[in-house]
Each structure stands twice: as C-alpha cells, then as structure tokens.
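This report describes selected helix contacts and charged pairs in one protein structure. Please keep the sequence and the model in view while reading.

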Amino acid sequence: GATRAMLLCLLYRAEEALPLASDLARRWPRHHYVRVAYAHALQMAGHFDQALREHEAVLQLIGSSPLRARALESQARTLHALERDEEALTALEEAANLDGGEGYQAQVLLGQVTTTLGQTPRAVTAFEKALALQSEPFSKVHIAYLRALVAAGRGEKAVEQARGYARAFPDEVDAQAALGETLVRTGHARDAVPIFEEAVETHPDRAWMLVLLSYALAGAGETERYLALEPRKLAALYQWVDESPSMNGRHGELIHALQVAAQRDLGAGEHDAAATHTVALEKAAQRALELWPHNARFHYGHTLAAWYRAQLAEAGGDWRSVQAQGRKALERSASLASVASPGSGLSNLQLQMHQACGRAAWALEDLDALALHTRESIPLARDVLNSRPDRGANGHLLYPYVTQAAMVAAEAGRVEDAVAFLQEDLPLAGEQATRYGLHRASALAA
C-alpha cells in the first residue's frame, strides 16, 4: 500500500495517493516507510508544513538506525519545496556524513538545493555525479545540469552539452527543447525559435513548449509574433500550473508572465487589458502564497497587483482609490521586505508608491497624509541614491523630497520639523541646495 502511494506521487496523482497514505499512517503509525509515503503524499498535495512534521516524526521514530540517511534526504526534499534551502542543505550534509551521500537521488537534490543557494559550481558537480550514475532516459536532471552550467558562467560548455543531448535523444522533444532553452539563455535566441516552433507543432499538448517559444521570440526581438502568441501562452501556463499545482516554479512562471503583460498594458495606455491582467495577477499570487507564504517572487507579484491598481486609478483620476490601493501596496511591500534579499530594488518601488499616495493626498487636500508620505519618502530616496554608483554626482535627486517635506511641515505649523529635515538631509544634495533650503526655512520660521 505504501509503495502504491509513492508510485501515485511519482505520477503526480496526489488526489489518489493522499487518502491511501493517510489511511495507512492511521493504521500503522510506527511504520517508518508508511509515514514517509504519507509525507510525500502531503507534499505533492501542497500540504508542505504538515509534510515536514511527518518527516520530523519519522526521524524521531527511527533514531540513529541505518535508515536515518534516507529519512534526512526525504526531509531535505520537503525543506527544498518549502524554499528553506539552507536547512535542506544541512539535512543533506548530515545524511552524507552517515552514508557518503553518493546516491543518484541525493546528488540530484544536492544539485537542486545548491543551485537555489547560488552555489553553482557545487551544483554542476552534483548533477555530473548524478548523470554518471543514471544518464538515460533524458530527464529533468539533464535540463537542470544545463541550467547550472549557464549559471556558473560556462555557456559554451552548456551549448555543446545540449547539442550532444539533442543528437543522443533525437525523438525526445524535451531534449530538443533543452537545446533551444540553452541557446536562449546564452544569447542565441534566434537559433532557438525554429526548435520551439517544431516542438509546438508536433506536441501541441505540451504547454511548456509554447511558453519557451514565446521567450525565444522575445529574445530574438520578434515583438509582433511574441504579442500575438501571448493569449495562448497564458492559457498554456494556467494549464501547466493546474497539471502540477505543488510545483512552485510553474506558479512563478505564470505570475511573471502576468506581471509583464500588465506592465506592458499600463505603459501602452491599454487600461482595460491592464485591469484584466492585474486581476489575474492578484489571484495567481494569492494562490501561490497560500502554498509558499515566504516566497519573495510571489510576494512581489502580490504587491505589484495593488500597485498596478493604484496606477490604473490615477490614470482615471480616482484619487481616493489611488490612496487606498497605494496604502495596500505599501502594506504588501512590508511583507515583501521581510523575505526579499538586500539590493532587490524594494526602496525604489516603495518610493514610487509613497509618491503616488502623496499626489493623491495633495489632490484630496489631505495635509496629514501628504506630510506622512513625504516624510516616509526621504529615507527611501536616500537608500535609492546611496545604491547608485554615481551617488556623488546625483545628490540633487534627494533635494525635491527634502524640500517638499520641509514645506509640508512648515505649512502645518511644524517649522522646527521643517528646519530639522533640511539640516539633516540637504547636505546630501549639495552646498548650494543646503544654503537655499535653510534660507527658506528661516524665512518660514520668521
């Protein structure tokens, strides 16, 4: 029964595996293999936290027995699915200390985890060891290896290897697509277009091929064909996600595609299309965050959905909606800040949001809100300025935020605050601006 549940998981039939594994775990709670099967079924069904608890229970159950290494690898797989890759790596290293960690599955998982952590040379080595143990049939491990080579700066090696796979597996559409993807990733998108066109024609049921074709067209600069393909691409992505909803990469591709579509529509002034894509983006991000609440990409998509709504409201002159959606976007950006890496450009995004909220407050004559958003803009503007390599030559970029904050404070009767703003921040904007600003503040005080 446990073996059947595991096989159903491998076939992505979690809806059948979960009730079977759950029943087995209830009947044999101290059978470690049954509990591992239940953990895998939970993971495939998207219940990651519960799956992790099951793995922890298995580790307690087996103690220091020879089975512990395999149990640690299973736990690492769930941690990787939860994007807790540093913990996953620790579990894998503990497993390797117990049995050497040289098995195929252990090396594949090590490659996946170290790729995510940016340890690409180590990932390349792990995938090479895995493929030395099992090189046929063509699999996702071959694709992961090619991606790791590109990420490690070994693009020429990746293309050479991909061409070798395409020749060795001529009837495998995934091998041909891997060559096309590698060409796109290494700057040869035009050469990849015919590969994906043939793949789409011969395998119309493979949603991912359509997505890869769109990337190749975009990389080749064939904008009209790329835009014409977009409705089919989005439909394919929805299908792709629904086929395996427990795979976070698929959600990420859908969210990214919707972000790009909404942003492009906004820039082109196509507000109805932008609104449609924004609604879809919000729903897709919310769905993904239910499964992966700590995923920065998904938080970013969720934040952008509110930000796009604010921009649409501003385009329509609905300042109250701008204010409401801008605040929502700022609230979501706070959640994003808790999981985003440094240097992610978040300060610039939040600065734009505060500026929009400030414009809305000005239009609505809400002086308190204007003061708040202006004041919040200053440290963000400072962060943006400090992150620029030409910071010294662009101190004047901070000047409008500081002077606006000072003027708002002064008009509200808080002249001391106005002077403090200018004294603290205007030196960044240069000596002339500082003298001018302090002169204005003194005049206001008088």
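## Charged pairs and a helix contact

Arg264 is partly exposed, because its relative accessible area is 29%; buried means under 20% relative accessible area, exposed means over 50%, and partly exposed lies in between, with a 1.4 Å probe and protein chains only. The model is predicted: local features need pLDDT of at least 70, side-chain atom pairs count only at pLDDT 80 or more, and totals for chains, interfaces and linings use all residues. Residues are numbered from 1 along each chain as its sequence is written, and side-chain values use heavy atoms, with hydrogens and water left out.

Which side chain meets Arg264 in a salt bridge? The partner is Glu230, at 2.8 Å from N to O. A salt bridge is a side-chain nitrogen of Lys or Arg within 4 Å of a carboxyl oxygen of Asp or Glu. Glu230 belongs to helix α14 (residues 223–243) and Arg264 to helix α15, so the pair ties together parts that are 34 residues apart in sequence. Helices are DSSP runs (H or I, at least four residues), numbered from the N terminus. Glu230 is buried, with 6% relative accessibility.

Side chains of opposite charge can pair when their charged atoms come close. The whole structure holds 19 salt bridges, and the table lists three of them, including the pair above.

| Salt bridge | N to O distance |
|---|---|
| Arg26 and Asp23 | 2.5 Å |
| Glu230 and Arg264 | 2.8 Å |
| Glu314 and Arg359 | 2.7 Å |

Arg26 and Asp23 share helix α2 (residues 14–27), where they are three residues apart, about one turn of the helix. Arg26 is exposed at 61% relative accessibility, whereas Asp23 is partly exposed at 26%.

Glu314 is partly exposed at 22% relative accessibility, and Arg359 is partly exposed at 38%.

Helix α15 (residues 248–267) also contains Arg250, which is buried with a relative accessible area of 11%. Leaving aside residues up to four places away in sequence, Arg250 touches Trp240, Val241, Glu243 and Ser244; contact means heavy atoms within 4.5 Å.

Helix α3 (residues 32–44) packs against helix α5 (residues 68–81) at an angle of about 15°, and their axes are 11 Å apart. The two helices are therefore roughly parallel, a term for angles under 35 degrees. Val36, His40 and Gln43 of α3 make the contact with Ser74, Arg77, Thr78 and Ala81 of α5.

Notes: Axes fitted to C-alpha atoms, helices over the stretch in contact; angles between N-to-C directions. Parallel < 35°, antiparallel > 145°, perpendicular 65-115°, else oblique.
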